[in-house]
Amino acid sequence: MSFDRSIKIAPSILSADFANFGAEIQAIEAQGADWVHIDVMDGHFVPNLTFGPPAVKAFRPHVKTVMDVHLMITPVDPYIQAYADAGADILTAHIEAGAHTHRTLQAIRAAGMKAGVALNPGTPADAVEHLLDLTDLVCVMTVNPGFGGQKFIDMTNKIRKLRSMIGDRPIHIEIDGGVDPKTAPLVAAAGADVLVAGSAVFKGGSVDNPDVYGANIKAVRSAAESATS
Ligand code: DX5
Ligand code: ZN
């Protein structure tokens, strides 16, 4: 994976048809998705349960772009190798998921993946200051994690602060939750480059009507790009 700060759209398959993940992934990639975002939830760190390593491994052959795995689980460390074996390109853990995120990020890189750290809305930007040199991506949650389709929480001040803390370091700022053509320009202008979008990409489309995914992706991308140019 080469690094750049161009806008990347990462559809979250949390909003896909759960009986048809392979075809859904192929459809969003054919329609212009840059990355595929996979939300792993444990029913404990967040009040919802999705899928684990065997499912993620089954998605892998369908993902030709970047498999971006967002862990909303605790503990994280016992599962890092399983997600490496499942083929994750980026593995993101929440800073709130344990006392030793520094060690977790080292372990993710040691297992051969890019390391991401996610911040809940209540966690300040400063919390990651001493983790940045171990980090390839900071995920700023703009909803409380657990469900798709929630209302966007404005975190633009936090994003701006992170962007300035990061400086020239090759670290992505990813935004997750409530991203749509209205909110995308706000976060892009503040310095985000990876936009996760679940409901805004999947709404109105299906594998039999994939052009809608393409139009939805394009709408988020053009809104974001218009704020950065
Ligand atoms: C929230 C997940 C998100 C979610 C985004 O817990 O991490 O990735 O699927 O969904 P939307 O875009 O619908 O807010
Ligand atoms: Zn996510």
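So, glycine 198: one of its polar backbone atoms is 2.7 Å from an oxygen atom of ligand 1. That's a polar contact, meaning a pair of N or O atoms within 3.5 Å. This is a predicted model, where local features need pLDDT of at least 70, side-chain atom pairs count only at pLDDT 80 or more, and totals for chains, interfaces and linings use all residues. For reading the labels, residues are numbered from 1 along each chain as its sequence is written, chains are lettered from A and ligands numbered from 1 in the order in which they are written, and side-chain values use heavy atoms, with hydrogens and water left out.

Okay, two side chains next. Serine 199 has a side-chain N or O atom 2.5 Å from a ligand 1 oxygen, and for aspartate 39 that kind of distance is 2.6 Å. How much of ligand 1 does the protein bury? It buries 100% of the 380 Å² that the ligand exposes when taken alone, going by Shrake-Rupley areas with a 1.4 Å probe.

Who else is around? There are 20 residues around the ligand, and Gly146 and Asp176 are also among those that come nearest; being near takes a heavy atom within 4 Å. β2 gives the most, three residues, while β3 and β8 each supply at least two. Strands are DSSP E runs of at least two residues, and helices are H or I runs of at least four.

Now, where does ligand 1 sit? Its space is the largest pocket, and sitting there takes more than half of its atoms within 2 Å of the grid points. A pocket is an open set of points on a 1 Å grid where a 1.4 Å probe fits, with protein on both sides within 12 Å along at least five of seven lines; lining residues have an atom within 4 Å of a point. This one has a volume of about 290 Å³ and 26 lining residues, with Phe147 one of those nearest its centre.

Key. Grid points are joined across faces, edges and corners, and a volume is the space filled by probe spheres set on the points. A polar contact is a pair of N or O atoms within 3.5 Å; within protein, one must be able to donate a hydrogen and the other to accept it, and residues adjacent in sequence count only if both atoms are side-chain atoms.
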